[in-house]
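Here are my notes for you, as promised. Keep the viewer open while you read, and take the points one at a time.

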Amino acid sequence: MSGVAPGSGSGDSAQRGAAITIAGLTKTFWRGGEATEALAAIDLEVPAGAFVCLLGPSGCGKSTLLHIIAGFLKADRGEVLVDGRRVTGPGAERCMLFQSPTLFPWLTTRDNVLFGPRAQGKPRAAAEREADQLLELVGLGAFRRHYPHQLSGGMRHRAALARALINRPRILLMDEPFAALDAITRASMQEFLLELWERQRTTIIFVTHDVEEASLLGDRVCVMSPRPGRILSATEVRLPRPRGEATRDAPDFVVLRRQMRAELARACQ
Amino acid sequence: MTERSIAAPPLAAPVRRRGAAGLSRQRMLLSAASIILGLVIWQLTAMLVIRDTVLLPTPIQTGATLLRYLQMPYPTDGETLIGHAATSAMRIFAGFAIGTVIGIATGALMAGFRPFRALVDPFIEITRPLPPLAFVPVLVVWFGIGETPKIVLIAMGVVPVMAISTAAALDRVSEDMLNVARSLGASELHTMLHVRIRAAVPHIVTGMRLAMGLSWTSIVAVEMIAATAGLGYVILQAGLFLNTSLIFAGILIIAALGIAIDALLRLLQRRLDPTMSR
């Protein structure tokens, strides 16, 4: 599985997660002459390979921040650096995953996964081999010929993940990716993501409004305030890894969860 | 990974599909029965109530007339119904093709440039509700009595429908989907061609189905313009000579062609949009 676990080989070190530096980022939206301040002076350091959760109420500019990091939006002031290089537009090394899996409905699961390599004109045979391996990895090997509408919600998210991973992104930007899933599927997707991250150590910025999710996944949980969004606190999560279902019942986790809930409540005031 | 919870939904899918197929066969039988019932009522009404073949021919007489004129020219120095149908179809295809190209281009520009939309919108809104018949005299003044005014008249009906449906189809492609493509390393051009336009295509075909239907409904108006052939011409002529069964035969051919072409477009749509093929 050489294409999937970049951490295994010596020559793969460049494929590991990238460090992100966000400095003095502000963003204001104008609509009909009325200003909405979405982000006010965001500073954030994300070390390479870290898993950072942004926790905040809806409408606090979390998505806006992710869109700016992804390069879909331009900030009014401040900058985003990825491994020291300034972000000027979208790029395949930073892949965004949305709340809805947003698969292309006219492509089969396999062709969805192959979208990135095809768009970039990468060698076909290698890409196809890798796509098949990735589909096995996310448990969709038997569904490569299915169209998105024939898959269940969880399967669609796995397909979207495989589509993102084939580009070997160094950063995954996840915008409440599991918010629309039922509790059981969400839990299994969270564990799947953790497992994957343990293996690949891609840098992940994960936006959520779910306290438990943030506490379970992140190395660090940053709590954001409602509009204009700013980072109020950053809590290092020292729960042992690998984390999983058992972590949810650990006393430390329960304490952390309560603490984060209090932080979030304070942020909303 | 919880494979068990993942394997459950696909098992349900084929079952649902088989159910849908059974349902659609049931629906088709029902439709066929309704057509037969309609013909029977028509036959009985003509035979027992109206009892005047000039006022209302029976479906059997209509069928006989249709079969007769499939081989025999009408009028005697004219063409067979097949020839007339071909003439009408050529006019419609020419007008439809020209109208579709102009309409899609207009719609794409409307979706791409806001100022262009503001510029074009009033004209589309004004022309859309106008009856094609109203333009017949002015088209004759402008283009004479050849094929040109006939094709222009059909194209005029097609353009606004295609422009509106193309613009709407391109508008409804979500920004998230375009961002997904960009985030997967696609260039702006690749995103435009392979995502925005590709996602819009099934809805554009829906517009084509509407426009094609519209073209057939205006064929009689079109062939009021000094035509010497065509299904609309046959219907008008047959009306002058009180050959009612031939009027109905012409209407039946228009209906059959309209349905057949719509079925082709629907097939195309189903190939382009996998969520439809169930």
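1. Let's start with a helix in chain B: which residues of α10(B) are buried? They are Leu231(B), Gly232(B), Tyr233(B), Val234(B), Ile235(B), Gln237(B) and Ala238(B). That makes seven of the ten residues in this helix, which runs over 231-240, so α10 of chain B is mostly covered. Bear in mind that you are looking at a predicted model, not an experimental one.

2. Next, look at what sits over that helix. The cover on the buried residues of α10(B) includes α3 (81-112), α9 (219-222) and α11 (244-272), which also belong to chain B. After α10(B) comes Leu242(B), and here the phi angle is positive, near 55°.

3. Stay in chain B for one more backbone detail. Tyr74(B) and Pro75(B) are joined by a cis peptide bond, with omega about -15°. To find the spot, go to the loop between α2 (59-71) and α3 of chain B, where Pro75(B) lies.

4. Chain A has a cis bond to look at too. The peptide bond running from Arg241(A) to Pro242(A) is cis, and omega is near -5°. Pro242(A) has its place in the loop between β10 (231-236) and α8 (251-268) of chain A.

5. Now for the core. The largest nonpolar core counts 129 residues, and Leu55(A), Ile69(A), Ala162(A) and Leu173(A) have the most contacts inside it. The element that gives the most to this core is helix α6 of chain B (residues 147-171), with 13 residues.

6. Click on Leu55(A) and see what surrounds this residue. Setting aside neighbours within four places in sequence, Leu55(A) is in contact with residues including Thr208(A), His209(A), Val211(A) and Ala214(A). Val221(A), Cys222(A), Val223(A) and Met224(A) are also among the contacts of Leu55(A). Further along the chain, Met260(A) and Leu264(A) touch Leu55(A) as well.

7. How do the two chains meet? Their contact takes 25 residues from chain B and 30 residues from chain A. On the side of chain B that touches chain A, the elements giving two or more residues are α1 (3-50), α7 (175-183) and α8 (188-217) of chain B. The largest share of that side comes from α7(B), with seven residues. Sorted by class, the side of chain B has 13 nonpolar, seven polar and five charged residues.

8. Where they touch, domain 1 of chain A supplies nine residues and domain 2 of chain A supplies eight residues. Helix α6 of chain A (residues 183-200) brings three residues, the largest share of the domain 1 side. That side of domain 1 has six nonpolar, three polar and no charged residues.

9. There is a sheet in chain A that you can trace by eye. The sheet is open and has four strands in the order β2-β1-β4-β5 (chain A), with antiparallel pairing. At the edges are β2 (34-46) and β5 (85-86) of chain A, each pairing on one side only. Strand β4 of chain A (residues 77-82) and β5(A) pair in the antiparallel sense over two bridges. Within this pair, Val82(A) stands opposite Arg85(A) of β5(A).

10. Ala41(A) is not a glycine, yet phi is positive, about 50°; you'll find Ala41(A) in strand β2 of chain A. Glu176(A), also other than glycine, has a positive phi near 45° and sits in the loop between β7 (171-175) and α6 of chain A.

11. Last, a word on confidence. Chain A has an average pLDDT of 88, and 94% of the residues score at least 70. Over residues 1-14 of chain A, though, pLDDT stays under 50. Where pLDDT is low, the predicted coordinates should not be read in detail.

Note on methods
Residues numbered from 1 in each chain as written. Chains lettered and ligands numbered in written order. Predicted model: local features only at pLDDT ≥ 70, side-chain atom pairs only at ≥ 80, totals over all residues. Buried ≥ 20, exposed ≤ 12 C-beta atoms within 10 Å, placed from the backbone. Contact = placed C-beta atoms within 7 Å. Core = buried A, V, L, I, M, F, W, Y, C linked by C-beta atoms within 7 Å. Nonpolar A, V, L, I, M, F, W, Y, C, P; charged D, E, K, R; others polar. Pairing = 2+ DSSP bridges. pLDDT = per-residue confidence, 0-100.
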